[in-house]
Amino acid sequence: MTELGTIKPIIEALIFASNSSITLDRIATILEGEDRKVIKEALDELIKEYETSERGFTIVRVAGGYQLRTRPEYSPWIRRLLKTTTRISRASMECLAIIAYRQPITKGEVEDIRGVDSTGILRSLLEKRLIRIVGRKDAPGRPVLYGTTREFLETFDLKDLSHLPTLKDIQMMEEGDACGETPEGDSQGRGDIETEGRGDDSRGEGESERQGGNLPGGEGRS
Amino acid sequence: MPYNVRLDIFEGPLDLLLHLIRKNRVDIYDIPIADITEQYLEYLELMKEMNLNVAGEFLVMAATLIHIKSRMLLPVTEEEDDEEEGVDPREELTRRLVEYQRYKEAVRDLDMRLVLGRDVFPRGRHHHLEGLDGEEVFVDVSIFDLIGALKDVLSRIEEPHSLDITVDRFRVADKINYIMERLYREETIPFDALFHRSALRGEIIVTFLAVLELAKLLVVGVHQTEDGIIRIYRRTPGTLVRTVH
């Protein structure tokens, strides 16, 4: 077993060199034969080190992986540097939220909730890779089902879907009509995100807040 | 038409209804249908008058509202309509509004997170959100908040609907110049301060359209402060806003 002090800088280098977040699985594959527990320990230490030292950036756990990110307090300067900022329109945000909480979901179901045509918005969200097609619904016309992506999790600083903010119930009268989202559907739609998000979670953060595959929306409660 | 602001409205009839419910401070579970229907139709009328794209969904909702209203007027007799007995005709609409409202709340929660490319940045460029596409956004306020503010301004003038006579005298292009000149000096202007006290209805509407046009071109921003005041401000040149629509 390698010294923690030896693999820590290697892991740090891997995170630095990665284009997007890097998962513990991937790190383990690269560090052939290294004990996952040791890797996890090294990661936790790294995170703590960045947190306690006064750096402009930190290592964050996001989308089931690890990523270097600037600290939020320095965003004004970064925006000046890049001359751009991400802005997601209200309508796009609505579609995203509906898809995030209700996936897998068809365009028709999104439109039923919003009450307005959403074709263009869904197309653009697909292009931006914030959503993806996860299958087809077993219904007349076999409509396409949408789900959120890893980029969605990264964009909104979410470890996995179970960390979505809880949908607030404004004293719902009855919630009996939550059609179209079935428990099977849920797991199917989030398949890859699940595998990336789990397994490396020895701290159990994902599980402690909410059990396994339950979406925080509290849908499907009868 | 003498002006044509092709503005696509990405908000739907449910947004308009929620706006009206908020504006009138009424209970979503006990919507005064007659009042709300009347106001809904007024907004629709104004949107058409401004030649904004009014999607078919708005008309479907208008029909639904009128239908509910008429059912509310019917005396409730106990024998007839067994299957619908005791059912509030507003129930389905309320259910939809409440559900939609939940997702709007969720949007607020998501928006408060540390958004990549806005609050926090990875190394190098953030790939997937780059690129500006045609259907850009421009306002931080709901279009219905804006139209509501416009209605308030219009209600303060006495002049009746006389758009046809006056409209030729005002052109969107002139009002664009006017707004830009003012923004040079003032940086930010409260929405209702854009209009002269003595302005005519046509002039007010054309000014409003000029604001929309400028906002669409990303030259100005429209922003609503905590206290509900809508302000127009000059966008800092050089700051490109990448948007996802």
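**Figure 1. The loop between α5 and β5 of chain A.** Pro104(A) lies in the loop that links α5 and β5 of chain A. In this predicted model, the peptide bond between Gln103(A) and Pro104(A) is cis, with an omega of about -5 degrees. Most residues other than glycine have a negative phi, and most peptide bonds are trans. Arg129(A) belongs to the loop between α7 (119–127) and β6 of chain A.

**Figure 2. The open sheet β5-β7-β6 of chain A.** Three strands of chain A are arranged in the order β5-β7-β6, and their pairing is antiparallel. At the edges stand β5 (105–106) and β6 (131–136) of chain A, each of which pairs on one side only. Helix α5 (residues 90–102) of chain A packs on this sheet and touches β5, β6 and β7 of chain A. The direction of α5(A) makes about 95 degrees with that of β7(A). Between β5(A) and strand β7 (residues 144–148) of chain A there are 2 bridges, and these strands run antiparallel. Thr106(A) has Leu145(A) of β7(A) as its bridge partner.

**Figure 3. The open sheet β1-β3-β2 of chain A.** Another open sheet of chain A has 3 strands in the order β1-β3-β2, with antiparallel pairing. Its edge strands are β1 (22–23) and β2 (57–62) of chain A, and each of them pairs on one side only. Strand β2(A) is joined by 6 bridges to strand β3 (residues 65–70) of chain A, and the two run antiparallel. Within this pairing, the bridge partner of Phe57(A) in β3(A) is Thr70(A). Strands of a sheet pair through backbone hydrogen bonds, either parallel or antiparallel.

**Figure 4. Helices lying across strands β1, β2 and β3 of chain A.** Helix α1 (residues 4–17) of chain A lies across β1, β2 and β3 of chain A. The angle between α1(A) and β3(A) is about 70 degrees. Helix α3 (residues 36–52) of chain A lies across β2 and β3 of chain A.

**Figure 5. Packing of a helix of chain A with a helix of chain B.** Helix α5(A) packs with helix α4 (residues 91–111) of chain B at an angle of about 100 degrees, and their axes are 9 Å apart. The helices α5(A) and α4(B) are therefore roughly perpendicular to each other. From α5(A), the contact involves Met93(A), Glu94(A), Ala97(A), Ile98(A), Tyr101(A) and Arg102(A). From α4(B), the contact involves Glu99(B), Tyr100(B), Tyr103(B), Lys104(B), Ala106(B), Val107(B), Leu110(B) and Asp111(B). By class, the contact of α5(A) with α4(B) comprises 9 nonpolar and 5 charged residues, with no polar residues.

**Figure 6. The crossing of helices α7 and α8 of chain B.** Helix α7 (residues 172–186) and helix α8 (residues 201–216) of chain B have axes that come within 8 Å and cross at roughly 70 degrees. The helices α7(B) and α8(B) are therefore roughly perpendicular to each other. Their crossing is right-handed. On α7(B), the contact is made by Val172(B), Lys175(B), Ile176(B), Ile179(B) and Met180(B). On α8(B), the residues in contact include Glu203(B), Val206(B), Thr207(B), Leu209(B) and Ala210(B). Val211(B), Glu213(B) and Leu214(B) of α8(B) are also among the residues in contact. The contact of α7(B) with α8(B) has 9 nonpolar residues, 1 polar residue and 3 charged residues.

**Figure 7. Antiparallel strand pairs of chain B.** Strand β1 (residues 188–190) of chain B pairs with strand β3 (residues 230–234) of chain B in the antiparallel sense, over 3 bridges. In this pair, Thr188(B) stands opposite Tyr233(B) of β3(B). Strand β2 (residues 220–224) of chain B is joined to β3(B) by 5 bridges, and these strands also run antiparallel. Here Gln224(B) stands opposite Ile230(B) of β3(B).

**Figure 8. Confidence along the two chains.** Chain A has an average pLDDT of 78, and 75% of its residues score at least 70. Over residues 171–222 of chain A the pLDDT is below 50, and this stretch has 101 contacts in the model beyond near neighbours in sequence. For chain B the mean pLDDT is 79, with 76% of the residues at 70 or more. Residues 130–138 of chain B have a pLDDT below 50 and, beyond near neighbours in sequence, 32 contacts in the model. Residues 238–245 of chain B likewise have a pLDDT below 50, with 45 contacts in the model beyond near neighbours in sequence. Where pLDDT is low, the predicted coordinates should not be read in detail.

Definitions and conventions:
Residues numbered from 1 in each chain as written. Chains lettered and ligands numbered in written order. Predicted model: local features only at pLDDT ≥ 70, side-chain atom pairs only at ≥ 80, totals over all residues. Heavy atoms only, no water. Axes fitted to C-alpha atoms, helices over the stretch in contact; angles between N-to-C directions. Helix = DSSP H or I, 4+ residues; strand = E, 2+ residues; numbered from the N terminus. Parallel < 35°, antiparallel > 145°, perpendicular 65-115°, else oblique. Left-handed = near helix turned anticlockwise from the far one by under 90°. Contact = heavy atoms within 4.5 Å. Nonpolar A, V, L, I, M, F, W, Y, C, P; charged D, E, K, R; others polar. Pairing = 2+ DSSP bridges. pLDDT = per-residue confidence, 0-100.
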